[in-house]
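Welcome! Take a look at it first, and then read on.

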Amino acid sequence: MIFLVHNQAKTLVFCKKEGKELSLKAATISEAFWELAGLFPEELIIWMEEGQESNFNKDSVSKIFHHDLIMASFAVETRFLDDRIGYVDELPFINVKRNVQYPTWLMSADLGGIKGKVLLKFQSHFQHITYFEYLLNAIAKIGQQNGLFCYSAPGLVYKFSDKIQYTASNKRLFQFVAQFYKKPRLAVLGWCFKKYEKESYTYSLITGSLKKSFFQHKVDLSDIDIKSSKTQGLENSIDVVIPTIGRPEHLLNVLADLKKQTLLPKNVIIVEQKVDPKEKSDFSFNSEDWPFRILHVFTHKTGACKSRNLALNMVTSNWVFLADDDIRFNNDLLENAVAGSKVLGVEVLNLNCLKKGEKKIYDVIKQWGAFGSGTSFLRTTSIKTLKFDENFEFGYGEDIDFGCQLRNSGTDIIYHPTVEILHLKAPMGGFRQQIKNDWKQGDLQPKPSPTFMSYLKKNYNDFQILGYKTVLWLKFYKQQEVRNPFVYISEMKKRWNLSENIVSKISGNNVL
């Protein structure tokens, strides 16, 4: 390990290797960062605030940096960007939970690390950035999009403050948004500052719009092999969970694909639902017809959340594949999913799910901001205490909420582009049924839907909610008939308030 010690991210104090101080040409922290990477590409470079040496938990390094494509830090007392980045960012990466290792590109200069050869990949792009905290966050923001695994890792330290201070000025915040988000988001930030902060940053808006954009900037990390040092000696036993309703032919096709797997599942748990209480099951499974055990539950209580929770309680294997009933896949899917999880040292894979003729959008393994409840492969231990929130039943949001639960418990979600599933999007059946509700008030419909408002209240910070509200109102204006902006704003306020009121009245009753 190489140690780069600084004072308040402004002054370079010293650099050491194996207890010996290094002599460098660099005069600044950022220059030293690049120089160390060039001199020691195979070493882990640890940066830290002066005085944190005794707080650094060296024993945790091998566990946290278990493969080369990992960048991690921890905000012991300070972090660069505050929660107002939520005005323009709706992804869960910015809602860091400090008591668990949490996937985030938000970096702190207090203490962190990155492999030298990985850092060098960013030199030609960001060598001009002299402000060290800005540089760390720039690397992580673009790195995460290109396959760098970025974390807030409390295991790096023995103790930390309950509250942290934020060091980025408003000017730096505007500059960062200008460079690393779509330009329209800069306008959203300006609007939110004017409306909610009662501050106007016209100059920052103008200067920010002229800054070079790195939004969706490409950095090639493909020649850096990922091979986790984590040992996973678990037996490769797999259970498959499939909720189904009204699609017997498609379910049988899924079972046929499972029957051909090179790594066969141990149990296939099918929760079959029928709306009409008079209807009977579409299936009669004979055990001798299948090379795995089928656990078939038939119920007239409908809902994807209910069915998945029921099935998850029946899982006994080390791995679980959450599957939809209208997918197709190759015979090596489960074997590749297990192998991919072990190579990466992760507990959850979100598999690449495409419709016929649809092109792959992302072709790198990367941290994922969503979660697919019918296309995911998980270690059973990661979900033992979790369940799908039935407040979202028959609506939308239960899958991304489950993803948030995983992250909040310290489990990362990784998208794998080469472990693929074909999604048929079968038109019949499904769980998104229309249900009667009294959401409408006169001619007024809640906006957004109470189910999604529930998700916002549960998983967004206050700034994310305000940012989402701003963008929603701007986008929806084009889709509705009211053209008078004052009338539109008045109506949207009422619709938003109606949605909030519904959520506050029935939250926790599982009737959304």
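Two strands pair if DSSP finds at least two bridges between them. Helices (H or I, at least four residues) and strands (E, at least two) are DSSP runs, numbered from the N terminus. With that in hand, you can follow Leu349, whose bridge partner in S18 is Phe377.

Please keep in mind that this is a predicted model, where local features need pLDDT of at least 70, side-chain atom pairs count only at pLDDT 80 or more, and totals for chains, interfaces and linings use all residues. Residues are numbered from 1 along each chain as its sequence is written, and side-chain values use heavy atoms, with hydrogens and water left out.

**The chain as a whole**

- The protein chain holds 15 helices and 19 strands.
- Its radius of gyration (taken over C-alpha atoms) is 25 Å, close to the 24 Å that the globule rule gives for 512 residues, so the protein chain is as compact as a globular protein of that length; the rule itself is 2.2 Å times the number of residues to the power 0.38.
- The C-alpha trace of the protein chain spans about 80 × 60 × 40 Å along its principal axes.
- Of the 512 residues, 55% count as buried, where buried means under 20% relative accessible area, exposed over 50% and partly exposed in between (1.4 Å probe, protein chains only).
- Among contacts (heavy atoms within 4.5 Å) with a separation of 6 or more in the protein chain, 80% come from residues 24 or more positions apart.

**Surface and charge**

- About 23,900 Å² of the protein chain is accessible surface, and 50% of that belongs to carbon and sulfur atoms; these areas come from the Shrake-Rupley method with a 1.4 Å probe, and for residues, only the protein chains shown count as cover.
- There are 67 positive and 56 negative side chains in the protein chain, with the centres of the two sets 5 Å apart.
- Lys and Arg count as positive and Asp and Glu as negative, while His and the chain ends are not counted; each charge is placed at NZ of Lys, CZ of Arg, CG of Asp or CD of Glu.

**Strand S16 and its partners**

- Strand S16 covers residues 348–354, and six of its seven residues are buried.
- S16 pairs with strand S18 (residues 375–379) in the antiparallel sense, over three bridges.
- With strand S19 (residues 414–423), S16 pairs in the parallel sense, over six bridges.
- Cys353 stands opposite Ile421 in S19.

- You will find Tyr181 in the loop between helix H6 (170–180) and helix H7 (183–197).
- Tyr181 is buried, with a relative accessible area of 6%.
- Beyond its neighbours within four places in sequence, Tyr181 touches residues including Trp105, Lys141 and Phe215.
- Lys141 is 40 residues from Tyr181 along the chain, and their C-alpha atoms are separated by 10.0 Å.

**Backbone points to look for**

- Most residues other than glycine have a negative phi, and most peptide bonds are trans.
- Lys447 and Pro448 are joined by a cis peptide bond, with omega about 0°; Pro448 is in the loop between S19 and helix H13 (450–459).
- Ala9, in the loop between strand S1 (2–7) and strand S2 (11–17), has a positive phi near 60° and is buried at 8% relative accessible area.
- Gln216 has a positive phi near 55° and lies in the loop between helix H8 (202–209) and strand S11 (238–244); Gln216 is exposed, with a relative accessible area of 54%.
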